Every structure is written in C-alpha cells, then in structure tokens.
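Visitor: I'd like a walk through this model, one question at a time. Could you keep the definitions handy as we go?

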Amino acid sequence: YNSLDGEIPLALANLTQLKSLTLSNNNFQGPIPGELLFLKNLTRLDLSYNSLDGEIPPALTNLTQLESLIISHNNIQGSIPELLFLKNLTRLDLSYNSLDGEIPPAVTNLIQLESLILSSNKFQGPIPHELLFLKNLTVLDLSYNSLDGEIPPALGNLTQIESLILSCNKFEGPIPLDLLFLRNLTFLDLSYNSLDGEIPLELGYLPVLSTLDLRYNNLTGTVPLSLKNFHSVNLSFNNLKGPIPYGLS
C-alpha cells in the first residue's frame, strides 16, 4: 500500500532468512524475478495489485516452505507452472491475470491447499479430475474463465468446501446431484453458464447453504419449495415455469 514502482529488485534474494514478503498494492512492473527462489525460508509471498507481467517463474516451485502464494491483480500471462514441490501451500490466488491454457492436473500435488482462486483469467477446457483430490479445499473460485464441459459430479468429494464459485464460464449439462454431499457449503454460484435441466429439489436441504446464484442459465422446470430457507436466491434469466410455490410467496 504505497506507490513503489520499477521492477522488483533482484537483491531481495539476499534476504535469505526472510519468511514473509508482501509487496502488494504498489506500482511494480516487469517480470517476477526468478531469483526469489533463493528465499528458501519464505512462507508467504504476496505480489498482488501491481502491474507485473511475463510468466510465473517455474523456479518459484522450489520455495518448499511456502504456505501462501498471492499474485492476483497483475498482468501475468502464460500457463501455471508445475507447482510440484509446494507441499505446504494452503492458499493459491492467481486471480485477475491473463493466465491461459488448461488448469494443470499437477495442482493435485498441493495436498494441503485450502483456498484455490483462479478467477478472471483465460483458462479453457474442463475442470481437471485430479483437482478433486484436494480434500482440504474450503474455497474454490474458477469464475470468469472459459472452462467448459459438465460440472464434474466428483466435486461432491470436496466435503470441506464452503464456497464454490464457477460462474461466468461455459459449463453445460445439469447441476450434478453429487453436490448434495457438500454439507459445509454456504455459498454456491453457478451463474452465467449454459446449465440445463431442473433445479435439484435436494439443494434446499443442504444444512448451511444460504446463498444460491443460478441466474443466466438454461434451467427448466419449476422453482423448488425447498429453497425457502435460503438468505439469497437468484434464479433470473432461465426457462423456469409454473407458479411460485406457496411457501415462498
């Protein structure tokens, strides 16, 4: 939160005992220096809200103690490198960049990951099946990309998840019933896709789900009465029909 500018100085690599490096909300430009890989004790790296460009240096995967990696709100391009060695990473936020390609299956190596935020990029293709092994995930945000295919039923295996945001993509097909296994889910946003079929009645029985956004899809059928306990429901711009259930009016 200053007005620092120029490139990130390579000499930062000499601070070998550094555990936390936060340069967010400045005016840094240029690429992320690969020399940061010498900061072997780093547990937190936050470069968000700058004007950094270029690709994510593959050498960052050597920061094996890293627990939080935040590079959001920059101009980073290219694909996500193979983050194979970041076994301690609990938060990965690469949102609001220009990353492209498919989400790499190797993300499954981040076995401690709790928060994965890849929104507002240019990712394509389906959600990789391997992502479904991240059993500790509580936040998954893949919104504002070009992901396609059906929403994988196996997302129901992410039983710790609290916030699932897949809006503004190209997903098709029905809302998978396996989402009903997400008993800790409080926020579900599937808006701005091409989902079809009916809204599963059982969604309303998820015990802590309070916000449901399904607008701008191709959903059919009637509005389930089971949605009556939610704090916020948005079903606009679909193909729903029939009367509003008595308990909702």
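**Around G221**

Guide: G221 sits in the loop between β18 (211-213) and β19, where strands are DSSP runs of E with at least two residues and helices are H or I runs of at least four, numbered from the N terminus. This is a predicted model: local features need pLDDT of at least 70, side-chain atom pairs count only at pLDDT 80 or more, and totals for chains, interfaces and linings use all residues. Residues are numbered from 1 along each chain as its sequence is written, and side-chain values use heavy atoms, with hydrogens and water left out.

Visitor: Is G221 buried or exposed?

Guide: The scale runs on relative accessible area: buried is under 20%, exposed is over 50%, and partly exposed is in between (1.4 Å probe, protein chains only). G221 has 9% relative accessibility, so the label is buried.

Visitor: Which residues is G221 in contact with, leaving aside its neighbours within four places in sequence?

Guide: Contact here means heavy atoms within 4.5 Å. The contact list itself reads E198, N239, L240 and K241.

Visitor: Why does F237 count as exposed?

Guide: F237 also has a positive phi near 60 degrees, although it is a residue other than glycine. Its exposed label follows from the accessibility, because the relative value is 54%.

Visitor: Where is C168 in the chain?

Guide: C168 is not a glycine, yet its phi is positive, at about 60 degrees. With a relative accessible area of 16%, C168 is buried. Its place is the loop between β14 (163-165) and β15 (170-173).

Visitor: How many salt bridges does the count come to?

Guide: The rule asks for a side-chain nitrogen of Lys or Arg within 4 Å of a carboxyl oxygen of Asp or Glu. One of them joins D46 and R44 at 3.3 Å, N to O, and another joins R91 and D93, with the closest N and O atoms 3.7 Å apart. By that rule the count is 3.

Visitor: How far apart are the closest N and O atoms of R215 and D213?

Guide: D213 is buried at 10% relative accessibility, while R215 is partly exposed at 26%. Their side chains form a salt bridge, and the closest N and O atoms are separated by 2.9 Å.

Visitor: Zooming out, how far apart are the mean positions of the positive and negative charges?

Guide: Lys and Arg count as positive and Asp and Glu as negative, without His and the chain ends. Each charge is placed at NZ of Lys, CZ of Arg, CG of Asp or CD of Glu. For the 12 positive and 24 negative charges of the protein chain, the mean positions are separated by 6 Å.

Visitor: And how many strands are there in the protein chain?

Guide: The C-alpha atoms fill a box of roughly 65 × 30 × 30 Å along the principal axes. Of the 249 residues, 50% count as buried. The chain has 0 helices, and its strands number 19.
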